[in-house]
Amino acid sequence: MLVKRVIPSGYCKGVVNAIKIAKDTKLNNPNENVYILGMLVHNSYVSKELADLGIITLDDTNKTKEELVDSIDEGIIIFTAHGISDSIKQRVINKNLKYVDATCVDVKKTQDIIRDYLNQGYDVIYFGKRNHPEAQAVLSISDKIHLVSDDNDLNNLTINNDKIFLTNQTTMSYLELADLIVLAKNKYPNIIIEKEICDATSSRQKAIQDLIDCDLLYVVGDVKSNNTNKLVDIGNSKGIKTLLIQSYKDINQDDLKDIEKVYVSAGASTPLHLIDEVIDYLKNI
Ligand code: SF4
């Protein structure tokens, strides 16, 4: 069986930067509690590694971000790579808490573009994933931003404004975005569009789209990671049998029967050692 790694795959610059910010914050403030508001990046192995350093991840799904901030009275809060809403940042400031912002520059860039169009009087159609922290932060900017997660959402949308702008969450599928743009142009012929899928996401997706002679594709990553799930979608849409695994321990030998060529890709928040372990495991079979 031939085992190959898809290039590029794994950590992106935004994830590397966010992890460095979290570790440096704890290192420079050893006597203070350091909290992360939600998962810093969507990978449970990364969260565990940070916990081992004494960094506390606040990720109670039964609580809103506001409630999580209210539960903190001291220490330093880190905002995650996915961005943060202005109102939550203000809440932190009002409580006189210190904060460090680990928002990815690509996420910030998309937010700035959206603000620009809002200031010019546009309504914004935002293609993103419902309840994802990056989408939540964007939607909090204005009620003139309309979330669409699929074609149905777009079909059901009514906007009474001649000025309409469309953009997207940075980690969506470039194929799904292309389909949605066709629909949006039909519905709103004067729509202005800026594709904002980040380079890390699109290059990882296109590397899968370009695969030839692949019998089986493993995507290593966390089920919560949107960019990881989109890599799985791209593999499946290409007709490749594609399986999401969190580590080599999820590999089922039955899936490898009659497989001659297996490729391994990984989401942008997957640590390198997890990818290497999967490749080593497969090579040793
Ligand atoms: S996937 Fe893209 S937007 Fe998200 S952290 Fe990485 S570089 Fe930034």
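Guide: Here is a walk through the core, followed by its surroundings. This is a predicted model, in which local features need pLDDT of at least 70 and side-chain atom pairs count only at pLDDT 80 or more, while totals for chains, interfaces and linings use all residues. Residues are numbered from 1 along each chain as its sequence is written.

A nonpolar core here is a set of buried Ala, Val, Leu, Ile, Met, Phe, Trp, Tyr and Cys residues joined through C-beta atoms within 7 Å. Buried means that 20 or more other C-beta atoms, placed from the backbone, lie within 10 Å of a residue's own. The largest core has 51 residues, and Ala22, Leu40 and Ile78 touch the most other members.

Stepping back, 41% of the 285 residues count as buried. Of the contacts with a separation of 6 or more, 71% join residues 24 or more positions apart. An automatic or database domain assignment gives domain 1 (2-11 + 200-283), domain 2 (13-104) and domain 3 (106-197). The C-alpha centres of domain 2 and domain 3 are 27 Å apart, and their contact takes eleven residues from domain 2 and nine residues from domain 3. Finally, the C-alpha trace spans about 60 × 60 × 30 Å along its principal axes.

Conventions
Two residues are in contact if their C-beta atoms, placed from the backbone, lie within 7 Å. A residue is buried if 20 or more other C-beta atoms lie within 10 Å of its own, exposed if 12 or fewer, and partly exposed in between; C-beta atoms are placed from the backbone.
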